[in-house]
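Colleague: I would like a close look at a single part of this model. Please go slowly through the terms, as I am new to this.

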Amino acid sequence: MSYNSKNYKESCDKWVIGGTLEIADGATLIGFPQAENQAESTATSIADLKANFNALLENLKAAGLMKADSE
């Protein structure tokens, strides 16, 4: 019998996840980047909402959770 694992340890400091990674309730994820807190929107116009949304995108990019715009 042979077995192919989707999740395996490739080296002493690298795991490959080819299946599902489930984080159980109450678990802690360490080393994952976090974006700065984004205050709730109080926008009363489309222009204000656009500004709030763009600020959110910038926070995600600054935290490394979204690729930066290409130049």
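Is Asp 69 buried or exposed, and what is its relative accessible area? Please also say which residue meets its side chain in a salt bridge.

Modeller: Asp 69 is exposed, with a relative accessible area of 56%. The cut-offs are these: buried means under 20% relative accessible area, exposed means over 50%, and partly exposed lies in between (1.4 Å probe, protein chains only).

A word on the model first. It is predicted, so local features need a pLDDT of at least 70 and side-chain atom pairs count only at pLDDT 80 or more, while totals for chains, interfaces and linings use all residues. Residues are numbered from 1 along each chain as its sequence is written, and side-chain values use heavy atoms, with hydrogens and water left out. pLDDT is the predictor's confidence in each residue, from 0 to 100. The chain averages 90, and 94% of the residues score at least 70.

Now the partner. The side chain of Asp 69 meets that of Lys 61 in a salt bridge, 2.7 Å from N to O. A salt bridge needs a side-chain nitrogen of Lys or Arg within 4 Å of a carboxyl oxygen of Asp or Glu. Side chains of opposite charge can pair when their charged atoms come close. Lys 61 counts as buried because its relative accessible area is 18%.

Helices (H or I, at least four residues) and strands (E, at least two) are DSSP runs, numbered from the N terminus. H1 covers residues 46-62 and has the highest confidence, at a mean of 96. Its 17 residues should span 24 Å at 1.5 Å a residue, and its end C-alpha atoms are 24 Å apart, which agrees. That expected span is 1.5 Å times one less than the number of residues. Just after H1, Gly 64 takes a positive phi of about 80 degrees.

By the salt-bridge rule, the count comes to two. The other pair is Lys 14 and Glu 10, whose closest N and O atoms are 3.0 Å apart. Lys 14 is partly exposed, at 39% relative accessibility. Glu 10 is partly exposed as well, at 45%.
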